Amino acid sequence: MISLGNLIVFPALESTGFGVFWTVMGLFVGSFLNVCIHRFPVEGASVWSPSRSHCPGCDRQLTWRENLPVMSWLLQRGRCLGCSASIHWRYPLVELIGAGAFYVAWRVAGGQGWAFLLLDSVVLAGLIVATFVDFERYEIPDQVSIGGMWAAPVVAFLLPVLHSSGLVAGALASGGEVDGVASLAESLAGMALGAGILYGLGWAGRMASGAEAMGFGDVKLMAAGGGLIGVEGTFQALQIAVFAGSLVGVLNILRWYAVVRARQRRRGLRLRGAAQALRTARVLGRYLPFGPYLALGIGIVLLGWKDVLDLLPFGLG
Ligand SMILES: [Zn+2]
């Protein structure tokens with residue numbers, strides 16, 4: 001008997017050939033993520049129509065040759081062929097990151113089958129979109145955060161292995177095996193925990209500084225992430241986010257301090273300006289999005305990147 005599997009010539013998921021294919025897929029998905037980053041925050045815009053890309057400079061529809069990820073940008077030296085308006089380097093960067101994310105997802109999940117490969121790839125893609133939109137506009141698109149909040153419990157129920165080592169799922173597991181219901185419970189607990197902690201942090205920040213410290217987008221993103229990585233994973237992701245976010249926050253204040261000091265020096269204010277410069281730098285450096293660091297934490301935990309997780313002081317694992 002000839003089975004269907006023998007007829008379809010498709011490389012095994014673990015093979016290098018498939019890895020190359022999946023990485024190239026990531027390059028093209030990166031192109032699509034650019035569209036999402038560009039259109040998600042715009043009210044009423046759809047990522048599907050218009051389906052072809054236009055140059056914002058001359059409104060000309062781009063040919064397939066101008067739409068090749070990274071390649072077109074390099075060949076055209078970052079300019080539109082029609083009006084030579086410059087094309088932002090963000091476009092090829094997101095495409096490269098898309099390829100990198102798909103490669104990493106394949107390395108991690110290629111041996112675990114299609115379900116995990118697709119899950120990891122799609123979640124990383126969503127985190128990339130959230131990161132870039134948040135950096136640019138200080139908001140996280142609902143398509144990613146609320147979309148993730150709907151998807152996480154469904155995925156957890158259909159793929160109980162996702163939470164096979166979860167704290168809540170383990171307690172509810174019947175006969176030692178985590179089933180769909182136990183996995184769903186872990187997902188909901190992770191969502192509640194992620195949203196609850198970020199809401200609490202935002203409330204504490206508002207009380208302490210009188211200013212909006214945490215956007216509601218962060219709360220929704222962490223709820224979605226918590227649903228995918230469970231209770232323990234949520235604690236780990238938050239540790240990574242707080243550490244990375246604080247590090248970048250301090251560096252950002254130092255950068256502003258250097259800028260303000262340089263300006264003072266040009267004006268001939270030498271020593272007594274230092275304290276004033278630090279105050280100014282702290283005000284200027286305060287506005288940093290937190291979403292990208294949450295996304296980093298969620299991504300690392302989802303992929304189970306052990307080298308990083310082992311560094312966490314309260315890893316619980
Ligand atoms: Zn143009």
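A crossing is right-handed if the near helix is turned clockwise from the far one by less than a right angle, and left-handed if anticlockwise. Keep that in mind for the helix pairs on this tour. The model on screen is predicted.

**Stop 1: helices 6 and 8**

Select helix 6, residues 142-158, together with helix 8. Helix 6 passes helix 8 in a right-handed crossing. Their axes come within 7 Å and cross at roughly 150°. Angles over 145 degrees count as roughly antiparallel, and therefore helix 6 and helix 8 are roughly antiparallel to each other.

Now show side chains. On helix 6, pick Met149, Ala152, Pro153, Ala156 and Phe157. Facing them on helix 8 are Gly180, Ser183, Leu184, Glu186, Ser187, Leu188 and Met191. Colour this contact by class: 8 residues are nonpolar, 3 polar and 1 charged.

**Stop 2: along helix 8**

Stay on helix 8 and select residues 180-209. That is 30 residues. Then step off the end. Gly210 follows helix 8, and its phi is positive, near 75°.

**Stop 3: helices 2 and 5**

Move to helix 2, residues 16-39, and helix 5, residues 114-137. Here the axes come within 10 Å and cross at roughly 40°. The two helices are therefore oblique to each other. Helix 2 passes helix 5 in a right-handed crossing.

Which residues make the contact? From helix 2, select Val29, Leu33, Cys36 and Ile37.

An α-helix has 3.6 residues a turn, so residues three or four places apart point the same way.

**Stop 4: the two domains**

Zoom out and colour by domain. Domain 1 covers 13-137, and domain 2 covers 142-317. Taken over C-alpha atoms, their centres are 24 Å apart.

Next, select the boundary. On it, 15 residues of domain 1 are in contact with 16 residues of domain 2. Which helix gives the largest share of the domain 1 side? Helix 5 does, with 12 residues. Helix 4, at 90-109, and helix 5 each supply at least two residues of that side. Colour the domain 1 side by class to finish: 11 residues are nonpolar, 2 polar and 2 charged.

Methods:
Residues numbered from 1 in each chain as written. Predicted model: local features only at pLDDT ≥ 70, side-chain atom pairs only at ≥ 80, totals over all residues. Helix = DSSP H or I, 4+ residues; strand = E, 2+ residues; numbered from the N terminus. Expected span 1.5 Å × (residues − 1). Axes fitted to C-alpha atoms, helices over the stretch in contact; angles between N-to-C directions. Parallel < 35°, antiparallel > 145°, perpendicular 65-115°, else oblique. Contact = placed C-beta atoms within 7 Å. Domains from an automatic or database assignment. Nonpolar A, V, L, I, M, F, W, Y, C, P; charged D, E, K, R; others polar.
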